[in-house]
Amino acid sequence: MAVAVIRSAFRKSKVSWLPGLSAVRAMSAQAGATAPFSTLSVSHPANAVTHVELHRPEKRNAMNRAFWSEMVDCFSQIALDSDCRVVIVSGAGKVFTAGIDLTDMAGQLLQPEGDDVARMSWNLRRLIAKYQETFSIIEKCPKPVVVAVHGACVGGGVDLITACDIRLCTQDAWFQVKEVDIGLAADVGTLQRLPKVIGSRSLVNELALTGRNMYSDEAKSCGLVSRVFPDKEAMIAGALELAGEIAARSPVAVQGTKINLIYSRDHSVAEGLDYMATWNMSMLQTQDIMKSAQAAMEKKSPKEVPFSKL
Ligand SMILES: CC/C=C\C=C\CC(=O)SCCNC(=O)CCNC(=O)[C@H](O)C(C)(C)COP(=O)(O)OP(=O)(O)OC[C@H]1O[C@@H](n2cnc3c(N)ncnc32)[C@H](O)[C@@H]1OP(=O)(O)O
């Protein structure tokens, strides 16, 4: 009986605005993150899954000038790619990343352009904001991002992973808020996001003020990562399995969940509930609810439900 009710509701839900919506989607759909990047390798290992690999292994994936721009281009393309429902980020070679490229840093950041202090300061501010966007773009991307860390994750690496939605690591992974060791206060996300990721403010302060290494067991126990794998191969297999589970769900539900979780993290419960109500006053009208409910009633897996692209 319940199945019949859902079927009938689903038939009724095929309302006349759908062709218009498809046309808008067709106009905005992009081919995916295909630009020839020099510091990133982008692949599509499974249906609806995009894998972004930091790819400067001979320099331990140190973040050079090209990297700071390419991440923004890559994630801007992914955000619009209706064939992508979930992203995996990992590092090629021996480690995840050695953080900012220290040889590149001297030019741009330490010798800002400008005729006087005001102009140099203004240019430097713009540059720092640009570097911040390199990781904020991950958080702004509506597709969930799973990051898989092996070996070292230093400095800018911690900024990067705290902007991701799910963090995995290998047993040999270690994390270091290194900035204090090179004479600067971390300025591209760690100080803002790490306290929201791990529960202990005292631990955040300790890590950021001493620059000490944190190893995988402690990263798991404090909540920085949700799973630890014996090695990189097992971790990438685990990341793909997790990505497959996310990709199988309604993209309307998944993207709405990511956006509302981040909004709620930064607002009061009352504001979060208000935002949610406004969000769902349109999103509850999706066909995906009827499709998912029907599959649940028929004891089918969400993997069997053909959701439209988003
Ligand atoms: C607006 C500001 C925005 C962001 C700021 C971010 C701040 C930070 O990121 S602070 C962190 C800076 N990073 C470091 O201090 C790490 C330095 N590197 C290491 O400690 C080690 O390389 C390692 C990551 C532990 C890996 O060790 P190992 O596997 O033994 O490799 P190496 O032999 O040391 O290096 C191989 C190769 O890579 C080059 N390299 C490594 N790290 C960097 C780097 N950060 N910048 C530039 N180049 C790096 C190293 O020089 C070697 O190059 P060769 O040409 O082979 O000599």
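Here is a friendly set of questions and answers on the predicted model above. This is a predicted model, in which local features need pLDDT of at least 70 and side-chain atom pairs count only at pLDDT 80 or more, while totals for chains, interfaces and linings use all residues. Residues are numbered from 1 along each chain as its sequence is written.

Q: What makes domain 1 and domain 2 separate parts of the chain?
A: The bounds come from an automatic or database domain assignment. In this chain, domain 1 covers 1-30 + 249-310, and domain 2 covers 34-248.

Q: How many residues does the contact take from domain 1 and from domain 2?
A: Domain 1 gives 16 residues and domain 2 gives 14 residues, where a contact means that two C-beta atoms, placed from the backbone, lie within 7 Å.

Q: Which elements give two or more residues to the side of domain 1 that touches domain 2?
A: They are α2 (18-28) and α11 (251-265), with α11 supplying the largest share, 7 residues. The names follow DSSP runs numbered from the N terminus: helices are H or I with at least four residues, strands are E with at least two. By class, this side of domain 1 has 7 nonpolar, 3 polar and 6 charged residues. Here Ala, Val, Leu, Ile, Met, Phe, Trp, Tyr, Cys and Pro count as nonpolar, Asp, Glu, Lys and Arg as charged, and the others, Gly among them, as polar.

Q: Why is the way α3 passes α5 called left-handed?
A: The label applies because the near helix is turned anticlockwise from the far one by less than a right angle; clockwise would be right-handed. The axes of α3 (residues 65-80) and α5 (residues 117-140) cross at roughly 30° and come within 8 Å. These axes are lines fitted to C-alpha atoms, for helices over the stretch in contact, with angles from 0 to 180 degrees between N-to-C directions. Roughly 30° is under a right angle, and the crossing of α3 with α5 is left-handed.

Q: Which residues in α3 and α5 meet?
A: From α3 come Trp 68, Met 71, Val 72, Phe 75 and Ser 76, and they meet Lys 130, Tyr 131, Glu 133, Thr 134, Ile 137 and Ile 138 in α5. This contact divides into 7 nonpolar, 2 polar and 2 charged residues.

Q: How do you know that α7 and α8 are in contact, and which residues make it?
A: Thr 190, Leu 191, Leu 194 and Pro 195 of α7 make the contact with Arg 201, Val 204 and Ala 208 of α8. The axes of α7 (residues 190-197) and α8 (residues 201-210) come within 9 Å and cross at roughly 145°, in a right-handed crossing.

Q: What makes β1 and β2 a pair of strands?
A: DSSP must find at least two bridges between two strands for them to pair. β1 (residues 40-46) and β2 (residues 49-54) have 5 bridges and run antiparallel, so they meet that definition. Ala 46 stands opposite Val 49 in β2. The two strands form a hairpin with 2 residues between them, and Ala 48 in the turn has a positive phi of about 70°.

Q: Why do β1 and β9 stand at the edges?
A: The open sheet of 6 strands has the order β1-β2-β3-β4-β6-β9, with mixed pairing. β1 and β9 (227-229) each have a single partner strand, so one side of each is left without a neighbour in the sheet. For β9, pairing with β6 (residues 166-170) is parallel, over 3 bridges, and Arg 227 is the bridge partner of Leu 168.

Q: Why are β5 and β8 called edge strands?
A: A second open sheet has 3 strands in the order β5-β7-β8, and β5 and β8 (213-215) each pair on one side only. β5 and β7 (residues 174-176) run parallel, joined by 3 bridges, with Val 154 opposite Gln 176 in β7.

Q: How many residues surround the ligand, and which are the closest?
A: There are 23 residues, and the closest are Ala 62, Ala 98, Gly 99, Ile 100 and Gly 155; a residue is near a molecule if its C-beta atom, placed from the backbone, lies within 6 Å of it. The elements giving two or more residues to this shell are α4 (102-108), α5 and β5 (152-154). By class, the shell has 12 nonpolar, 4 polar and 7 charged residues.
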